[in-house]
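Me: I'm new to this one, so could you walk me through it? Let's start with the ligand and move on from there.
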Amino acid sequence: MAPTLADPFNDSSALIDFVINQGNGVKGLSELGLKALPKQYVQPLEERVCMTNIVPQGSIPIIDMSNWEDPNLAKSICDVASEWGFFQIVNHDVPVEVLENVKYATYNFFRLPAEVKNKYSKEHSSSNNEALEWKDYLSLFYVSEEEASALWHSICREQVLDYMKKSKVVIKQLLQVLMKGLNVNEIDEAKESLLMGSMRTNLNYYPKCPNPELTVGVGRHSDVSTLTILLQDEIGGLFVRGNKGDDWIHVPPIKGSLVINVGDALQIMSNGRYRSAEHRVVANGSKNRISVPIFVNPRPVDMIGPLPELVANGEKPIYKQVLYSDYVKHFFRKAHDGKKTVEFAEL
Ligand SMILES: O=C(O)CCC(=O)C(=O)O
Ligand SMILES: [Fe+2]
């Protein structure tokens, strides 16, 4: 039962109980039709998205993958990964139906009754002591098909597995090109495992919000991944910090495209040659939005640091070797705070 007082969530324990313990999520809050955003979601002024910092005509690069072996294409991918760390790809080999299916599966999962969703999603949006994010998500860590069959809900299992499987082809193409750009010409089994030894897919649901200007869907952060592949729907709202500092650039939805971003692990392994870009998602006052990122990661037990090939070439390492699971723990220890996490690995 939803609380019915005038300010039903003045008491934070009532809010936590409704959103988390009962499994209603932020979507449940949104569907109560509240006139005002519960105070727990009001972000400090400096974390709200200020429209004056948005570059109206700005756009992140779009890369056509039809001819991915073309050396010019390889060069653009490496340049964009160094300058921006963020781009969209079109004409990749992931079929549009696979993308559509995983989007429907995401809507379907979040439409399930609260008590069912609660059994499958144990993680909740991060808080920075002061404010929660206006988002629900389901995180699916891939171990094996068997484990997915046992642990993932059947409403989205096949669709997510298919999306991951088909995306792996393009992930390998991109990593191959990016490694070549560092003069790492051979990706043996050990290197492949270091670059993409574990994968996690999140189903993100951003419900429509009574006061979108006061909160965020996701606060400023860079991903801890090697690469992130992200599918977004047609609503929009993802912003990337431009390569020159304080401006934010919208990532417009393009049907059939995938958004690619460099994560901190690749920034560290490339000794800073590729950069992970800060990004965030605004809340929306009139529409629900979904996105489905695949985080391509090292394995938790891997040590990450500048690749030995770079150091052997005489490059001075700017990062130390860190255990990947420690890096991830460090990221989750605090709320989203832009690109600060990477300092953990600096020498
Ligand atoms: O929803 C989006 O567009 C981005 C989500 C994101 O940045 C993340 O889940 O790490
Ligand atoms: Fe992200």
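Me: Which residues are around ligand 1?
Reply: In this model, which is a predicted one, the residues around ligand 1 are N202, N204, V218, D223, L230, Q232, L238, H279, V281, S291 and P293.

Me: And which elements give two or more residues to that shell?
Reply: Those are β4 (198–206), β6 (227–232), β10 (279–281) and β11 (289–297).

Me: What does the shell look like by class?
Reply: The shell around ligand 1 is made up of five nonpolar residues, five polar ones and one charged residue.

Me: Switching to sheets: in what order do the strands of the four-stranded open sheet come?
Reply: The order is β5-β10-β7-β8, and the strands pair in the antiparallel sense. β5 (218–221) and β8 (248–250) are at the edges with a single partner strand each, so one side of each has no neighbour in the sheet. On average, and with direction ignored, neighbouring strands of this sheet are turned by 20 degrees against each other.

Me: How many bridges join β5 and β10?
Reply: The two strands pair over two bridges, antiparallel, and H221 stands opposite H279 in β10.

Me: Now helix α8, which of its residues are buried?
Reply: In α8, which spans residues 189–196, the buried residues are L194, L195 and M196. Seen down the helix axis, they fall within an arc of 160 degrees, so they line one face of α8.

Me: What do they pack against, and what is on the face turned away?
Reply: The buried residues of α8 pack against α7 (157–180), β4 and β11, whereas the face turned away from the buried side carries the exposed residues E189 and A190.

Key. Residues numbered from 1 in each chain as written. Chains lettered and ligands numbered in written order. Predicted model: local features only at pLDDT ≥ 70, side-chain atom pairs only at ≥ 80, totals over all residues. Near = placed C-beta within 6 Å. Nonpolar A, V, L, I, M, F, W, Y, C, P; charged D, E, K, R; others polar. Pairing = 2+ DSSP bridges. Axes fitted to C-alpha atoms, helices over the stretch in contact; angles between N-to-C directions. Buried ≥ 20, exposed ≤ 12 C-beta atoms within 10 Å, placed from the backbone. Arc of directions from axis to C-beta. Contact = placed C-beta atoms within 7 Å.
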